[in-house]
Amino acid sequence: MQAKAIVEKFEALFSKEPMISRAPGRVNIIGEHTDYNDGFVLPASIDKEMVFALALNGTNTVNAYALDLEEEGSFELSNIVPTEGWINYIKGVVAETAKKGLEPKGFDVVFAGDVPLGAGMSSSAALECALATGLNKLFDGNLSKIDIVLASQMSEHNFAGVKCGIMDQFASTFGQTNKVIKLDCRTKEYEYHNLDITGHKLVLCNTNVTHSLASSEYNTRREQCEAGVEIIKQTYPNIINLRDVSVEQMHEFEGKMDETIYNRCSYVVEENDRLTKACEYMDKGDLVNLGKMIYGSHEGLSKKYAVSCPELDFLVEQTLEDDNVLGARMMGGGFGGCTINLVKEEAVDAFIERMTKAYKEGMNKEMSAYAVVIGEGARVEESVEA
Ligand code: GAF
């Protein structure tokens, strides 16, 4: 995204030249709701980002301007408490990077982005990671990338109130062009894999709905998984998290724990298993089987984990009879946002046209679509001209 309008606004408001930092949103091929269960995820950073213009101001105040909303906000460094609205994200990053050792100073900031909000593409992680990366440079800090990831995640927990896992902030910070990241969310070990889908594209279909349940149900899912682990531990004391449970072990608990808890836990266990297989298929270029894993993920998210919604299910169902689509599923936290679709390249335009029409006719809503481009992770710009 061009920084020009952001720099112009910054210079108009604050009469000085800023530095620029940016961080992207993400897609996730497979491995949903596995991150906070110590499992695996397979995300990639995309070419849609949040961009910040920043400069020190020699005071103890932070002055912020959200260009997309044309709103300003400010707060004192001596009194950083969670409030409402977008300023909360700025506060969160300042407070949580300070806990990691970054000494805060007063600064001025203008930001904007082209990551669609509420679309499951992690606009909030992009915002947090772009700001944390920028502040690390601005305050002359020495936070590592993983410090930036963890501070951004804690900002989401403590200021936005969502007990998210690590996937979004990790992908936004560690993303690399044309690579997907296989991340072990327990050890934080990661490998870059080439996304070898020659002749195919990943296409996001945005439902353009965000159901209000999203953050409360997210936290409930986390608690349900923890409750399941406590029951499993009574039989298998060495198990720390659902990541440690095999598909076979999980089956032993069918009918022996509350059905809802069982469904939530067995989804997570099966999703980790699907991800391992999906990664192997991806590396071998076996896109047909990769697509089957992606469909399996949606089935589990919808039926067992219950984080889908009628709009997302509708969009996935519309692909089932289409030979040009190898796999489709809801992506991200759920309750709205996007589906991710593996589509034959020559059929992408026709696919988007057909889906848009079907969504309008079937759900009486507007769909939007993006062909995914995998871009670079969080960074500071060398020049404000960029
Ligand atoms: C949201 C969260 F922020 C992630 O940590 C992850 O749990 C995801 O939902 C579901 O996989 O994006």
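## Strands β2 and β7

Strand β2 and strand β7 (residues 179–184) run antiparallel and are joined by two bridges. Strands here are DSSP runs of E with at least two residues, helices are runs of H or I with at least four residues, and both are numbered from the N terminus. Two strands count as paired if DSSP finds at least two bridges between them. Within this pair, valine 41 stands opposite leucine 183 of β7.

The model is a predicted one, in which local features need pLDDT of at least 70 and side-chain atom pairs count only at pLDDT 80 or more, while totals for chains, interfaces and linings use all residues. Residue numbers start from 1 along each chain as its sequence is written.

## The three-stranded sheet

β2 and β7 belong to an open sheet of three strands with the order β2-β7-β8 and antiparallel pairing. Its edge strands, each pairing on one side only, are β2 (40–41) and β8 (190–194). Helix α5 (residues 167–174) packs on this sheet and touches β2, β7 and β8. The direction of α5 makes about 135° with that of β7. Helix α8 also packs on the sheet, touching β2, β7 and β8, with its direction at about 45° to that of β8. A contact between two residues requires C-beta atoms, placed from the backbone, within 7 Å. Axes are lines fitted to C-alpha atoms, for helices over the stretch in contact, and the angles run from 0 to 180 degrees between N-to-C directions.

β7 and β8 run antiparallel and are joined by five bridges. Isoleucine 181 stands opposite tyrosine 192 in β8. The hairpin of these two strands has five residues between them, and lysine 188 takes a positive phi near 65° there.

## Helix α8

Helix α8 covers residues 259–284, which is 26 residues. At 1.5 Å a residue the helix should span 38 Å, and because its end C-alpha atoms are 37 Å apart, the two values agree. The expected span is 1.5 Å times one less than the number of residues. Glycine 285 follows α8 and has a positive phi, near 75°.

## The four-stranded sheet

A second open sheet has four strands in the order β10-β11-β9-β12, with antiparallel pairing. β10 (325–330) and β12 (368–371) are its edge strands, each pairing on one side only. Ignoring direction, neighbouring strands of this sheet are turned by 20° against each other on average. Helix α10 (residues 310–317) packs on the sheet and touches β9, β10 and β11 (336–344), its direction making about 150° with that of β9. Helix α11 (residues 348–363) packs on the sheet too, touching β9, β10, β11 and β12. The direction of α11 makes about 20° with that of β9.

Strand β9 (residues 200–210) pairs with β12 in the antiparallel sense over four bridges. β9 and β11 pair in the antiparallel sense over eight bridges. Cysteine 205 stands opposite threonine 339 in β11, and its bridge partner in β12 is alanine 369. Asparagine 206 stands opposite serine 368 in β12.

## Around the ligand

The residues surrounding the ligand are Glu32, His33, Asp35, Tyr36, Ser122, Cys164, Gly165, Met167, Asp168, Gly332 and Gly333. A residue counts as near a molecule if its C-beta atom, placed from the backbone, lies within 6 Å of that molecule. By class, this shell has three nonpolar, five polar and three charged residues. Ala, Val, Leu, Ile, Met, Phe, Trp, Tyr, Cys and Pro count as nonpolar, Asp, Glu, Lys and Arg as charged, and the others, Gly among them, as polar.

## Domains in the record

In an unreviewed entry, UniProt lists "domain: Galactokinase N-terminal" at residues 8–55. That span is 15% helix and 52% strand, and its end C-alpha atoms lie 14 Å apart. UniProt also lists "domain: GHMP kinase N-terminal" (unreviewed entry) at residues 88–176. Over residues 88–176 the chain is 58% helix and 8% strand, with end C-alpha atoms 28 Å apart.

The feature "domain: GHMP kinase C-terminal" (unreviewed entry) is placed by UniProt at residues 281–360. Residues 281–360 are 54% helix and 19% strand, and the end C-alpha atoms are 34 Å apart. UniProt positions follow the numbering used here, feature names are shortened, and annotations may be inferred rather than shown by experiment.
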